[in-house]
Amino acid sequence: MSQPIDDEFRPREQLRAQLMARIASDGAMPVSSFMAEALFDPMAGYYATKDPLGADKDFITAPEISQMFGEFIGLWAAECWGQMGAPHPVQLAELGPGTGRMMSDALRAGAAAPGFVEAAQVSLIEASPALKMVQGRTLANAPVQPRWLRLIDEMAEGPSLILSNEFLDCLPIRQAVKVDGVWRERLVGLQPDDQTRFAFVLGGALSEADQALIAPALRHEPDGSLVELRPADAPVVDAIADRFKAAPGYALFIDYGSSMPEAGDTLQAIAKHQKVDPLDDPGGADLTAWVDFQHIAELGLAAGLDVYGPTGQGAFLTGLGIETRAAALARGRSPQDGARLTRQLERLIAPEEMGELFKVIALASKGLPPPPGLDPYNPG
Ligand code: SAH
């Protein structure tokens, strides 16, 4: 008798077989193609099929750690709205909202600013059908009902506030390795001695156009260096710039990554809170890469926007007053609840936790006042 197959794994086996067939017929593929399929294949992609976020799932993010995170993002947005002249309506959008927790907490806290929530038209820009369902449930009782969009370009015209946490790290990256003085693409192929397993293989030399995607500071790294190209950043920044030139707006990106480009492989896969091999189980693990904040900043400047940050998440939240808020929440609670809040706060702001690795950057229409908690970008 044949072994029963767990239904959850069947589409993943198909995705694996499809990727292998594609490699067999077309040759090894860029890391970005592997990443895009592994995350968003409609049947078996990681985000396409699951709700991976939470303590009992694969990984946990700041909005899931504490309600204070989304609340401060909401207060930040409300303040920016005031700085734009309190337009009515204002488009309030979130890129990659996960469970919807951040938007839910942001709308609750944003209600403290008179008129803000009433002015807000909420859009959730989400690629995953499974997560849209979760977002709908989380926001069922929210003061404003969201619309779901697939792209920034689909947002209604007018003034806008665009928020995101851990969105940029899912954008597919490419990789290149320097061999004998030549940058060659690092591709995903099959292991020579075991055609049932994926492996990194070296492709041809990068074209001149592709070499231009390497951060200038890294182009002269020595042989053996690995660099990452982020072709998906520019379309996001450019779509925001198009909006922000037509009407005022602020966009906030919070993510993990470096403030200066660095050589090295940052592609990582996480399942059940553990790092796993990124090629082992496409669809079964979250695949992300470090954000290059300088890249986002330079794209923003090139597109004619004002840029603020990057600054560490710890400094950003502390500057907005999260410690005072945590103390207020703890007042009158049991010692256990107080300790839990202190622990949440630490996870968000302590330098050895999320406080420094996670960074905050904002893009804004030219000439608007600086957003709260962030200084103008210093290209030096
Ligand atoms: N912001 C949430 C979720 C982070 S996980 C949190 O902090 O908890 C990344 C989210 O981005 C998921 O909702 C994922 O489905 C979405 N996502 C990733 N790439 C996307 C894309 N290109 N377009 C729209 N949504 C995307």
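Let's start with the ligand: 19 residues surround it, and the closest are T61, G96, G98, E126 and N165. A residue counts as near a molecule if one of its heavy atoms lies within 4 Å of it. Keep in mind that this is a predicted model, where local features need pLDDT of at least 70 and side-chain atom pairs count only at pLDDT 80 or more, while totals for chains, interfaces and linings use all residues. Residues are numbered from 1 along each chain as its sequence is written, and side-chain values use heavy atoms, with hydrogens and water left out.

**Around the ligand**

- T61 has a side-chain N or O atom 2.5 Å from an oxygen atom of the ligand.
- E126 also places a polar side-chain atom 2.5 Å from a ligand oxygen.
- R150 has a polar side-chain atom 3.3 Å from a nitrogen atom of the ligand. Pairs like these are polar contacts, meaning two N or O atoms within 3.5 Å; within protein, one must be able to donate a hydrogen and the other to accept it, and residues adjacent in sequence count only if both atoms are side-chain atoms.
- On its own the ligand has 570 Å² of accessible area, and the protein covers 94% of that. Such areas come from the Shrake-Rupley method with a 1.4 Å probe, and for residues only the protein chains shown count as cover.

**The largest pocket**

- The largest pocket has a volume of about 730 Å³. Here is how pockets and cavities are found: on a 1 Å grid over the protein atoms alone, a cavity is a set of points where a 1.4 Å probe fits but cannot get out, and a pocket is an open set with protein on both sides within 12 Å along at least five of seven lines; lining residues have an atom within 4 Å of a point. Points are joined across faces, edges and corners, and a volume is the space filled by probe spheres set on them.
- Its lining has 35 residues, with F40, G96, A127, F167 and L171 nearest the centre.
- Two or more lining residues come from each of α2 (31-40), α4 (62-65), β2 (90-95), α6 (101-110) and α10 (233-246). These helices (H or I, at least four residues) and strands (E, at least two) are DSSP runs, numbered from the N terminus.
- α10 gives the most, with three residues.
- This pocket lies between domain 1 (10-42 + 172-229) and domain 2 (62-164 + 233-262 + 269-364), because both give residues to its lining. The domain bounds come from an automatic or database domain assignment.
- By class, the lining has 22 nonpolar, six polar and seven charged residues. Ala, Val, Leu, Ile, Met, Phe, Trp, Tyr, Cys and Pro count as nonpolar, Asp, Glu, Lys and Arg as charged, and the others, Gly among them, as polar.

**The second largest pocket**

- This one has a volume of about 530 Å³.
- Of its 21 lining residues, F59, I60, E166, M354 and F358 lie nearest its centre.
- α15 supplies the largest share of the lining, three residues.
- The lining splits into nine nonpolar, four polar and eight charged residues.

- Searching the whole structure turns up one cavity of 30 Å³ or more.
- The largest cavity holds about 40 Å³ of space.
- Its lining includes L168, D169, R230 and W290.
- Seven nonpolar and three charged residues line the largest cavity, with no polar ones.

- H88 and P89 are joined by a cis peptide bond, with omega near 5°; P89 sits in the loop between α5 (67-83) and β2.
- Another cis bond runs from G309 to P310, with omega about -5°, and P310 is in strand β15 (residues 306-312).
- A86 isn't a glycine, yet its phi is positive, at about 50°.
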